[in-house]
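Visitor: I am new to reading protein models, and I would like to be guided through this one step by step. Could we look at it together?

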Amino acid sequence: MTSLDTLLRAAHPCFWHNPDYYPSAPVNDAVGIRQAAERLTRFAPCIRALFPDTGDGIIESPLSRADNFARALENYWGMPVTGTLWLKRDNELPISGSIKARGGIHEVLKYAEELALSAGLLHQEQDYRCLLDEKVRALFARHTLAVGSTGNLGLSIGTMAAHLGFQVDVHMSADARQWKKDRLRQLGVRVHEYEDDYSRAVAEGRRLAEQDPDCHFVDDEHSLDLFTGYGVAGRRLKAQLDAKGIIPSAEHPLIVYLPCGVGGGPGGVAYGLKQELGPHVHCFFVEPVQSPCVLLGMMTGKGAELTVEEYGLNNRTAADGLAVGRPSALVCRLMQPILAGAMTVEDQQLFRLLTLLQDSEGIKAEPSAMAGAGGMHQLLQQTEWQQLATQAHHLLWLTGGSMVPTEEHRAYYRKGQA
């Protein structure tokens, strides 16, 4: 049998079971997910005023069953898709159309709240629409938010921060899609482009931000504010599951497949889910074969000390949101007992899955968002998981896609037909 190490170095799809996984590991709220949820609720009136398409100002996405997609996957894979298949449709999240609308926007809002409270322009019992007053906007205009991004995080932070009146610098890696850069520039965001990968964009953004005392750098590799914002999704999903009569149990667990880049988004979601559902939810990260940074960091125990390039991989993938060569040390540490495992998928499979989803469910996603479905294929072939998978609820987290320009999505779709 080919070893996992050999498969990883050869950029071949593979499955890694976390030997430190402890389904009943206690997960407390020391990181602050409850406070993040309360903050997002306080800001709801302000968000509603800025973005009427959010309805009540709560940034949330639907949960839907995907029987048609399940049948399409059976035909494509030539194997049964057991259990029930669900989609968490963060591709439809308002404001920025991806999972990054959670963590990124939360960190912007926390920074705005702290500035306004310190200046005596806000108290927490007020209607937060007061933050749209000219006096507050003038305060925000004297401060800058900066971030390094492969695309979706920059889009999330840039959109919210610009609407509140902040100056914004987004440092984009070579993998970032042009339409995301164009959209940010239309909002007045300063976009800095780099020929190198995500890690260089983050490092340069951090370096420049440190030179400005009025600049807040959103650090995707280390930020608890991002992490807790993502974690709110786990708290809210519990209510969505309850509404559909889904009660995860030992006999009918919830298996969640999360596309993974640096790890903050899927890590926060996994942490929040474990808080709410305990031993009856099993979370897996899914990464491109050329960019399995979290899998490598956790498997080797080296965390952020190891890059995918050191493993002979090139960190080039069509899944631009997942094109990360070095993982978050914070996420590797927090996930050690609560992540069930990780898988890798090839780019061409992402395109094929994107096309199948569009044809079967009429849902528009970007390649990164389809990693979860590729991970499910890997899990269904694992002997130790097959019996549990038969009666499980399988949840694919669709991380982005609704805002992809029509022509670009058509190009993705055509690649999936090949």
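Predicted model: local features only at pLDDT ≥ 70, side-chain atom pairs only at ≥ 80, totals over all residues.

Visitor: Which residue in strand 7 is the bridge partner of Val147?
Guide: The open sheet here has 4 strands in the order 6-5-4-7, with parallel pairing. Strand 6 (190–193) and strand 7 (215–218) stand at its edges with a single partner strand each, so one side of each has no neighbour in the sheet. Across from Val147, the bridge partner in strand 7 is Val218.

Visitor: What angle does helix 8 make with strand 6?
Guide: Helix 8 (residues 178–186) packs on the sheet and touches strand 5 (167–172) and strand 6, where contact means heavy atoms within 4.5 Å. Axes are lines fitted to C-alpha atoms, for helices over the stretch in contact, and angles run from 0 to 180 degrees between N-to-C directions. By that rule, the direction of helix 8 and that of strand 6 make about 150 degrees.

Visitor: What is the strand order in the open sheet of 7 strands?
Guide: The pairing in this sheet is mixed: strand 2 and strand 3 are antiparallel over 3 bridges, whereas strand 3 (residues 84–89) and strand 11 run parallel, joined by 6 bridges. Strand 8 (residues 254–259) is also parallel to strand 11, with 4 bridges. Written out, the order is 1-10-9-8-11-3-2.

Visitor: How many residues of strand 11 are buried?
Guide: Buried means under 20% relative accessible area, exposed over 50%, and partly exposed in between (1.4 Å probe, protein chains only). Side chains in a regular strand alternate between the two faces of the sheet. In strand 11, His393, Leu395 and Trp397 are buried on one side, and His394, Leu396 and Leu398 on the other. Strand 11 (residues 393–398) is therefore largely enclosed by the rest of the structure, and its buried residues number 6 of the 6.

Visitor: Which residues have the most contacts inside the largest nonpolar core?
Guide: A nonpolar core is a set of buried Ala, Val, Leu, Ile, Met, Phe, Trp, Tyr and Cys residues joined through side-chain atoms within 4.5 Å. The largest one has 147 residues, and its largest share, 8 residues, comes from helix 5 (residues 100–118). Those with the most contacts inside it are Phe69 and Met335.

Visitor: How far apart are the end C-alpha atoms of helix 7?
Guide: Helix 7 is mostly covered, with 12 of its 13 residues buried. The expected span is 1.5 Å times one less than the number of residues, so helix 7 (residues 152–164) should span 18 Å. The model agrees with this, because the end C-alpha atoms of helix 7 are apart by 19 Å.

How values were computed. Residues numbered from 1 in each chain as written. Heavy atoms only, no water. Helix = DSSP H or I, 4+ residues; strand = E, 2+ residues; numbered from the N terminus. Pairing = 2+ DSSP bridges.
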